[in-house]
Structure formats: C-alpha cells, structure tokens
Amino acid sequence: MSDANIFKVLADKQRRDILIMLKNGRMNAGEIAEQLGVTPAALSYHLKLLKGADLIMEYKQKNFIYYEINTSVFDDLILWIGQFGGDKR
C-alpha cells in the first residue's frame, strides 16, 4: 500500500486508538471492541482498513483471531519522515 493510503488510514482516531492498544501486545477482536466501545461491525471495518494498509497482522489461534502491530511498516514510515528533520539551515 502507498504511503498516502497509510496516512489516510491513520487519519481516523479510532484506528489510531486500536494501534495504541495493540502496542502492548496482541488482542482479539472482542477485547478491542470492548475497550473501544464499538460494535463488532464497526470494528471489523477498522480492522479491514488497518490490515489493508499492512499496519496490523492477524493470527488465528483455535477459535480466536488475534491482531498485532506490524512494526516493519512503522519502521519504514519513521525512516521516511526522518528525512525531513535533518539540518535546519
């Protein structure tokens, strides 16, 4: 996915809140929905966009699907953004 689409996905506060929750470790959809106070349908939409931007990954374990942050995408974004913080002349 392009950087522009990643920034578009990150523009939504609820999606940023999901990422903040996942920074402490993986969670299943029920746990995320409960903490956010959203319906499963609304959460599914946000998770679909986050997955489409490769910002999160999902893992199936028995009857649950767990989500966690894909740190490699954030590493690439940090490197890209870092090019603008160099020498201030």
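Which residues do ring pairs link into a cluster? Ring pairs join Phe7, Trp80 and Phe84. The close-ups below come from a predicted model.

**View 1. Phe7, Trp80 and Phe84 form a cluster through ring pairs.** The count of aromatic pairs comes to three. Two of the pairs are shown in the next views.

**View 2. Phe7 and Trp80 make a tilted aromatic pair.** Centre to centre, the rings of Phe7 and Trp80 are 5.9 Å apart. Phe7 is partly exposed, at 33% relative accessibility. Trp80 is also partly exposed, with a relative accessible area of 36%.

**View 3. Trp80 and Phe84 pair edge-to-face.** The ring centres of Trp80 and Phe84 lie 5.1 Å apart. The planes of Trp80 and Phe84 stand at 75°, over the 60 degrees cut-off, so the pair counts as edge-to-face. Phe84 has a relative accessible area of 53%. That value is over 50%, so Phe84 counts as exposed.

**View 4. Arg26 places its charged end over the ring of Tyr66.** The distance from this charged end to the centre of the Tyr66 ring is 4.6 Å.

Key:
Residues numbered from 1 in each chain as written. Predicted model: local features only at pLDDT ≥ 70, side-chain atom pairs only at ≥ 80, totals over all residues. Heavy atoms only, no water. Phe/Tyr/Trp six-rings, centres within 6.5 Å; stacked < 30°, edge-to-face > 60°. Buried < 20%, exposed > 50% of the residue type's maximum accessible area, 1.4 Å probe, protein only. Lys NZ or Arg CZ within 6 Å of the ring centre and 35° of its normal.
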